[in-house]
Every structure is written in structure tokens, then in C-alpha cells.
Amino acid sequence: MSVEPKTVSVRSGMFQPPTYRKGAGVPLLYLHAAGGLRNGFTPELEALAQHYDVIAPTHPGWDDTPGLENIDDIHDMVSYYQDFVDELGLTSFHLAGHSIGGMFAAELAAARPDLVKKLVLTCPVGLWMDETPVTDLFTLMPNELPGVIFGDLSNPVIPTLFKAPANEEEMAENYYFQLANFSATGKFIWPIPDKGLKKRLHRIKAQTLVLWGDQDKLTPPAYGPLFASKIAKAQLATVPGAGHMLPLENTPAWSREIVDFLG
């Protein structure tokens, strides 16, 4: 059965993020990557919903969702997510994020350690090493993207994400959403994704799992140990053969690591 998003009104309707929710048990707030949630409640979220009450909101500005004009920087985004969880009445939850969603999750966990039971960061952005730079998404041609975000170009999930549009109207729509989502992403990681997170990671009190694909060409695997070293209660797990899209490339291994960690 498909999961339909419901609109959550935040700050008296200033923000109205479409939000997917499925499952039971301990709430798990999941913050998505740069690509947004246009594909709906995808297999990796379904896998987690077998164990937790998964809540997956669309970030303001992604997937044509309004509200980004009211968010100037990462600190505003953290304040927004505090209002979002207040609106849902969440006072204690697991928190997970992928890529830029991992950066948002880490910032939220650092700002409000009282809210987060356990934290999972999958290939997060937010740190920078001159000797191992994060790939600049904004210089890539569309045909180059799969080779950067996937570890294995023969992975069968790739054609489902990058299928040829049926007509010019669908092609234009796909380009529109990609440009909109990348534009929203750029607000938080351009020209480099270092917005001071390294000075705040020590505030994270939750036990943390840092997950990485050992073939990640967007955020190189060297960032895994760096993130883990800056969070007091962190452990690092690496999945062989996977790239930046680890949650979709190897959903069984990714979800197993998370379930084993969260309990």
C-alpha cells in the first residue's frame, strides 16, 4: 500500500511541508538528501518502517515546497525543525539523515541534545578537508551524476531513478525539480559545505552511528572517521561496494546496520 504525504502546518502555516509517516514504535525522524522526496516513501524508508514510526518530511524549498525564503542559513533550518517536531508533539525520538539531511540532523542533534535518543548519519556533508574535497555537485552534467553518487553503475536501482522521460513535458518537469532541489541544496553547502558544523559536533550527546559507502565519490569515505572522531559516542560502519546512495544501493545492509544500532 502506497503512503500518501500529509501536510503539516508549522508556524501558523508559514511552512507546510508534505510529510510521510508510516510504522509503529519509537518515532524516527528521517531527513532526506538533496534529491528530495518526489519518489515518495521509497524502499529504504519502507525497510525502517517495519521497525519504527518513520516520519519523513520534505525540507522547505525542496520538491517545490514553499518556505525556503524564510530560512537564511543552517541555524534557521535548525530552528525550523525544532518548530516542526514541536508541532508533531515529539519530545524524544531517533533521528537519521542522509547527505545534506545528515548535516541537518547533526546540527539539530547538537542544538537540541535533549530531543534525540540515538542519531544515524549516512554519508553526511558538513565538513571539509582541503586534501580530500567533497565533489562539487553544481559542476556536474546530468549524465555524470550517476557515476558520482553510485558505487556500481550496474546497480538495478539506477534505471528507476534516471529513467528516460516519456515526453518533453516530463523532461521539463524533471529538469525543473532537479534545478530547484539543487538550488535549495546550494543555499546550505555552496561554495563548500563547511558552515561551522565542526565547531558544534561536540555538543551531540546521543549515541551516533556514522554510515558510509566505501565507493562514495561525492563525500569521500575519509570523512567517515572524521565525523566519528568529533562525536563523543560515535561508531563508524562502512558498507563495501556502495556509494553515496547507500540507502538505495544496498537497502538490506543499510537498514540492518541501523536496526542493530537503534535496537
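1. Contacts and range. A contact means heavy atoms within 4.5 Å. In this predicted model, contacts with a separation of 6 or more are the ones considered here, and residues 24 or more positions apart account for 76% of them.

2. Overall fold and dimensions. The secondary structure of the protein comprises nine helices and eight strands. The radius of gyration is 17 Å, which agrees with the value near 18 Å that a compact globule of 263 residues would have. Along the principal axes, the C-alpha trace spans about 50 × 45 × 35 Å.

3. Burial and surface. Of the 263 residues, 53% count as buried. The accessible surface is about 11700 Å², and carbon and sulfur atoms hold 53% of that area.

4. His 32. This residue sits in the loop between β3 (27-31) and α1 (43-49). Its relative accessibility is 2%, under the 20% limit, so His 32 counts as buried. Leaving out residues up to four places away in sequence, His 32 touches Leu 37, Pro 57, Thr 58, His 59, Trp 62, His 98, Ile 100 and Gly 101. Among these contacts are two other histidines, His 59 and His 98.

5. Aromatic pairs, Tyr 81 and Phe 84. The structure holds 13 aromatic pairs. One of them is formed by Tyr 81 and Phe 84, with 5.8 Å centre to centre and 80° between the planes, an edge-to-face arrangement. Both residues belong to helix α2 (residues 74-88); because they are three residues apart there, about one helical turn separates them. Tyr 81 and Phe 84 are both buried.

6. Aromatic pairs, Phe 150 and Phe 162. The ring centres of Phe 150 and Phe 162 are 6.3 Å apart and the planes stand at 75°, so this pair is edge-to-face. Phe 150 is in the loop between α4 (145-149) and α5 (158-161), whereas Phe 162 is in the loop between α5 and α6; the pair therefore ties together parts twelve residues apart in sequence. The two partners can be compared by accessibility. Phe 150 is buried at a relative accessible area of 1%, while Phe 162, at 34%, is partly exposed.

7. Aromatic cluster. Phe 15, Tyr 80, Tyr 81 and Phe 84 form one aromatic cluster.

8. The loop between α6 and β7. This loop, between α6 (168-189) and β7 (207-213), contains Ile 192. Pro 191 is also placed in it. The peptide bond joining Trp 190 and Pro 191 is cis, with omega about 0°. Ile 192 has a relative accessibility of 30%; that value falls between the 20% and 50% limits, so the residue counts as partly exposed. The C-alpha atom of Ile 192 is separated by 24 Å from that of Thr 208, 16 residues apart along the chain.

9. Pro 225. This proline is placed in helix α7 (residues 223-229). With a relative accessible area of 44%, Pro 225 is partly exposed. Pro 225 and Glu 170 are 55 residues apart along the chain, and their C-alpha atoms are separated by 41 Å.

10. Positive phi at Ser 12. Ser 12 is not a glycine, yet it has a positive phi of about 55°. The residue lies in the loop between β1 (6-7) and β2 (18-22). Its relative accessible area is 82%, which is over the 50% limit and means that Ser 12 is exposed.

11. Positive phi at Asp 64. Another residue other than glycine with a positive phi is Asp 64, where the value is near 65°. Asp 64 lies in the loop between β4 (53-57) and α2. Asp 64 is partly exposed, at a relative accessible area of 47%.

Technical notes. Residues numbered from 1 in each chain as written. Predicted model: local features only at pLDDT ≥ 70, side-chain atom pairs only at ≥ 80, totals over all residues. Heavy atoms only, no water. Helix = DSSP H or I, 4+ residues; strand = E, 2+ residues; numbered from the N terminus. Rg over C-alpha atoms; globule rule 2.2 N^0.38 Å. Buried < 20%, exposed > 50% of the residue type's maximum accessible area, 1.4 Å probe, protein only. Areas by Shrake-Rupley, 256 points an atom, 1.4 Å probe, with all protein chains shown as cover. Phe/Tyr/Trp six-rings, centres within 6.5 Å; stacked < 30°, edge-to-face > 60°.
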